[in-house]
Amino acid sequence: MDNQYRKWFGEKHGHTVVSALRDKGWAAYYAEDLAEAKKILFETCLPKGVSVGLGGSETLSAMDILGVLRNGEYKLYDRYDCDDHFEVCRDSLLADYFITGTNAITEAGELVSLDCSGSRVAAIAYGPRHVIVVAGVNKIVPTLEAAVTRARSIAPMNCRRNGHATPCAETGYCGDCNIPDRMCNQLLITMNAQKFPGKYSIIIVNEDVGF
């Protein structure tokens with residue numbers, strides 16, 4: 001399919017989801033590409049001088065935000081450069097801002113996030129004063145059921161990325177394993193953001209990015 005049609009399709013679906021998210025209390029933004037998403041993140045959503053925690057995210061890696069966060073204008077809980085990953089993730093729960101991705105977003109404006117340890121979903125649900133979520137239009141699905149299915153279907157890629165010796169890391173298919181290395185342990189459905197006005201921001205990017 002010609003890229004212009006993908007961009008048109010992503011734009012239509014992206015704006016639909018942004019509208020649904022705003023109706024549910026999110027500060028939601030549409031970005032045409034990762035460069036625009038990065039600009040929105042640093043110029044609109046994230047003030048300088050705050051403490052910042054991160055969720056593991058291929059989308060954030062693609063945005064290349066670490067260089068900016070490490071430049072001294074933020075107090076970064078750096079999960080990628082630390083001696084104790086567990087303690088950094090715990091500290092991140094009390095950060096001023098937590099930046100992360102998500103696994104799926106429904107057309108009705110619901111987020112589904114599936115975690116291994118639960119540090120990311122814990123931060124999305126409660127702890128940091130503000131949460132910023134960045135997601136590509138490839139994460140958009142029609143229903144909650146489809147969102148959970150999507151989260152499970154991409155788990156094999158996350159297992160290989162993180163070096164987990166799960167059956168799906170070999171087969172490419174989720175087998176609902178029951179082993180210590182299992183990654184699909186904590187499932188969070190974020191249905192509404194109106195309880196805490198101003199806490200949640202989400203940037204929808206018109207690109208196929210992240211898992």
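1. Let's start with a helix and the sheet beside it. In this predicted model, helix H7, made of residues 144–153, lies across strands S5, S6, S8 and S9. Its direction makes an angle of about 30 degrees with that of S6.

2. Now look at the sheet itself. Its 4 strands follow the order S8-S5-S6-S9, and the sheet is open, with mixed pairing. Strand S8 (140–141) and strand S9 (186–190) are the edge strands, since each of them pairs on one side only.

3. Next, follow the chain from S5 into S6. Strand S5 covers residues 104–106 and strand S6 covers residues 111–115; the two run antiparallel and are joined by 2 bridges. Together S5 and S6 make a hairpin, with 4 residues between the strands. Have a look at Gly-109 in the turn, which has a positive phi of about 90 degrees. To see how the two strands line up, find Ala-104, which stands opposite Val-112 in S6.

4. With S9, S6 pairs in the antiparallel sense, over 5 bridges. A handy landmark here is Ser-113, which faces Leu-188 in S9.

5. Why can S6 be called largely enclosed by the rest of the structure? Buried here means under 20% relative accessible area, and 5 of the 5 residues of S6 are buried, so the strand is largely enclosed.

6. Finally, turn to helix H5, residues 85–92. Which residues of H5 are buried? They include Val-88, Cys-89 and Ser-92. These residues cover an arc of only 100 degrees around the axis, and therefore sit on the same side of H5. The buried residues of H5 pack against strand S2 (51–54), strand S4 (97–100) and helix H6 (119–125).

Note on methods: Residues numbered from 1 in each chain as written. Predicted model: local features only at pLDDT ≥ 70, side-chain atom pairs only at ≥ 80, totals over all residues. Heavy atoms only, no water. Pairing = 2+ DSSP bridges. Contact = heavy atoms within 4.5 Å. Axes fitted to C-alpha atoms, helices over the stretch in contact; angles between N-to-C directions. Buried < 20%, exposed > 50% of the residue type's maximum accessible area, 1.4 Å probe, protein only. Arc of directions from axis to C-beta.
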